[in-house]
Amino acid sequence: MKIMAKANVSFGFLCLLLCIVVCSSSRYTTNWAEEKRNVARTWCVANPFVRDDKLQRAIDYYCKQPGVDCNVIRPGGPCYQPNSVQEHASVVLNLYYKAHYARLPYCPADVGATSLSDPCKLLQNRKSLVPLPSLKAHAYTRRTWCIASPIAGDDKLNTAIDYYCKQPMVDCSVIRPGGPCYQPNSVREHASVVLNLYYKSHNGISPYCPSDVGGISIVDPSKGSCKYP
């Protein structure tokens with residue numbers, strides 16, 4: 001009887017260990033899949049308000065970091081053109097950001113900004129769109145928008161809506177029933193409207209597009225009757 005009891009305890013302990021291993025593996029797989037989605041959805045680009053000398057120092061620093069191959073911005077490299085400090089800084093910052101699985105702390109806030117628009121695709125269509133790093137400060141407000149990040153969950157976005165709707169110059173009546181931006185009726189769409197109102201009320205300066213829930217878009221997110229300023 002004592003031998004059987006010990007065997008049962010040992011078997012139960014092994015089952016518990018197996019359960020812990022399976023759960024940990026599943027959680028790791030889920031986190032890894034989410035990290036891969038984050039890498040594909042967002043980019044880190046140079047903030048157009050930052051001076052070239054500061055961006056050049058950032059290039060020099062981040063080119064020395066692991067996973068950042070700056071040969072791509074050297075003469076003859078695929079990203080040498082457009083040949084400007086802003087464009088080269090965007091390439092380098094994004095390489096560093098992607099090397100760390102597009103985690104927000106790795107898009108340095110002092111020189112960079114997260115973008116929800118692929119800067120490579122925008123460069124291929126200059127007739128209708130202008131890439132973020134090339135924008136001058138006076139045009140930045142008109143031609144960029146702050147929208148909800150695809151990485152942020154609905155709970156976090158709802159909290160953001162509640163907070164930013166209480167800020168001066170953010171008129172959230174537009175997302176209420178009957179308002180021009182009530183449709184599409186989803187937390188993500190409403191959060192984009194509110195975040196953009198807050199961003200524009202501060203002249204479209206990138207720190208006012210909160211990086212924990214939002215990102216900068218160069219594509220006008222207006223839909224139907226909902227026109228984004």
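Q: Does Cys70 count as buried or exposed?
A: This is a predicted model, in which local features need pLDDT of at least 70, side-chain atom pairs count only at pLDDT 80 or more, and totals for chains, interfaces and linings use all residues. Residues are numbered from 1 along each chain as its sequence is written, and side-chain values use heavy atoms, leaving out hydrogens and water. Buried means under 20% relative accessible area, exposed over 50%, and partly exposed in between (1.4 Å probe, protein chains only). Cys70 has 7% relative accessibility, so it counts as buried.

Q: Which residue forms a disulfide with Cys70?
A: A disulfide is a pair of cysteine sulfur atoms within 2.5 Å. The sulfur atom of Cys70 lies 1.9 Å from that of its partner, which is Cys63.

Q: What is the handedness of the link of Cys165 and Cys172?
A: The sulfur atoms of Cys165 and Cys172 are 1.9 Å apart, and a disulfide joins the two residues. Cys165 counts as buried because its relative accessibility is 19%. The torsion about the S-S bond is -95°, and the link of Cys165 and Cys172 is left-handed.

Q: Why do the buried residues of α6 line one face of the helix?
A: The buried residues of helix α6 (residues 154-164) are Leu157, Ala160, Ile161 and Tyr164. The arc is that of the directions from the helix axis to the C-beta atoms. Seen down the axis of α6, the buried residues line one face because they fall within an arc of 100°.

Q: Which elements do the buried residues of α6 pack against?
A: The face of α6 turned away from its buried side carries the exposed residues Asp155 and Thr159. Packing rests on contact, meaning heavy atoms within 4.5 Å. The buried residues of α6 pack against β3 and α7 (187-201).

Q: Which residue in β4 is the bridge partner of Cys146?
A: Two strands pair if DSSP finds at least two bridges between them. Strand β3 (residues 145-148) pairs with β4 in the antiparallel sense over 4 bridges. In β4, Cys146 has as its bridge partner Ile216.

How values were computed:
Helices (H or I, at least four residues) and strands (E, at least two) are DSSP runs, numbered from the N terminus.
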